[in-house]
Amino acid sequence: MSDLLTFNAVQRYFPVTKGVLRRTAVAHVRAVDGVSFSVEAGKTFALVGESGCGKTTIAKLALRLDTPTGGQIRFRDRDAFALEPEEQREFRANVQAVFQDPTSSLNPRHRVSTIVTEPLVINRNVTKAEARKAAMEALAEVGLPENAIDRFPHEFSGGQRQRIAIARALVLKPSLIVLDEAVSALDVSIQAQVVNLLAGLQRKHDLAYLFIAHNLGIVRQTSDRVGVMYLGRIVEQGPTDAVFSKQAHPYTRALIGASLPPNPVAARAAKIIQGEVPSAIDLPKGCRFASRCPMAAEICGQIDPPEKDLGGGHKAACHFA
């Protein structure tokens, strides 16, 4: 499989300013700090981690809704931020998104026909009849009836609204969909239905997914590769089975142990990660997880651990991996 989307040492820093009339940057929040990973065509790469670790910033960068401070993002081996105008239009058509809350991502004043056809009208030279036909086909693919096209978002349940959002992403026949917590706002039973729908669409259309989530059970079920983020960096990544069965980083071990205990006894014995997450403005020297890590040694507080290749595409940034 070829790499569809590649992040190479990507950084995204946000300035912290002071002053009223003349604002001056006094520090930077390192939301994304040297992140590298690839999403293969037709495969799912999942990003997991605590809130505030940088996952959503990664999603915005992948969609070109934000610009990296450093590093490079490549799509089909082209610099995603050095595209000609026509190439930018093609990028937008090929990379679509489904967000967490369908209630806020769907315009309540527009009928479903307008919502789903809008990407086609903007990015493709099609007639109204062609756009409506494509919208009806997309709605049918996500399991909604024909009459859904002339209704408003408030007439649907939360799960149905998310299906409309998926249809809107699907109508341009993209090669990559960024799923930013796309099922976390849904009831558990509805989550399973939407996850199964996404899996079926992936097989049918050879779609790639960048799946950003905090539900590790769903990640384990749906992804081919997983990246574990902590404080702006990926501390471990690799094939899903390897990351879940052979956790090489203490943070990954704690995250999975707390979320997916193997039995009730382990659930009672699971250790909560101690301490507070360091500030992304004033990062500690050495390993960023050292102050909370039960394995921390002197070297951890002094030297930032490099990413180690553990074989089979499994990597971890830990001195003791």
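Two strands count as paired if DSSP finds at least two bridges between them. Strands (E, at least two residues) and helices (H or I, at least four) are DSSP runs, numbered from the N terminus.

Strands β10 (residues 233–239) and β12 (residues 315–316) run antiparallel and are joined by two bridges.

A quick word on the source: this is a predicted model, where local features need pLDDT of at least 70 and side-chain atom pairs count only at pLDDT 80 or more, while totals for chains, interfaces and linings use all residues. Residues are numbered from 1 along each chain as its sequence is written, and side-chain values use heavy atoms, with hydrogens and water left out.

Now the whole sheet. It's open, with eight strands in the order β6-β7-β8-β3-β9-β10-β12-β11 and mixed pairing. At the edges sit β6 (95–98) and β11 (308–309), each pairing on one side only.

Next, the helices. Axes are lines fitted to C-alpha atoms (for helices, over the stretch in contact), and angles run from 0 to 180 degrees between N-to-C directions. Contact means heavy atoms within 4.5 Å.

| Helix | Partner | Angle |
|---|---|---|
| α2 (residues 85–94) | β6 | about 40 degrees |
| α4 (residues 112–123) | α5 (residues 128–141) | about 110 degrees |

The axes of α4 and α5 are 9 Å apart. Their angle makes α4 roughly perpendicular to α5 (65 to 115 degrees counts as that). Residues in the contact include Val116 and Leu120 of α4 and Ala131 and Arg132 of α5.

Key
Angles under 35 degrees count as roughly parallel, over 145 as roughly antiparallel, 65 to 115 as roughly perpendicular and the rest as oblique.
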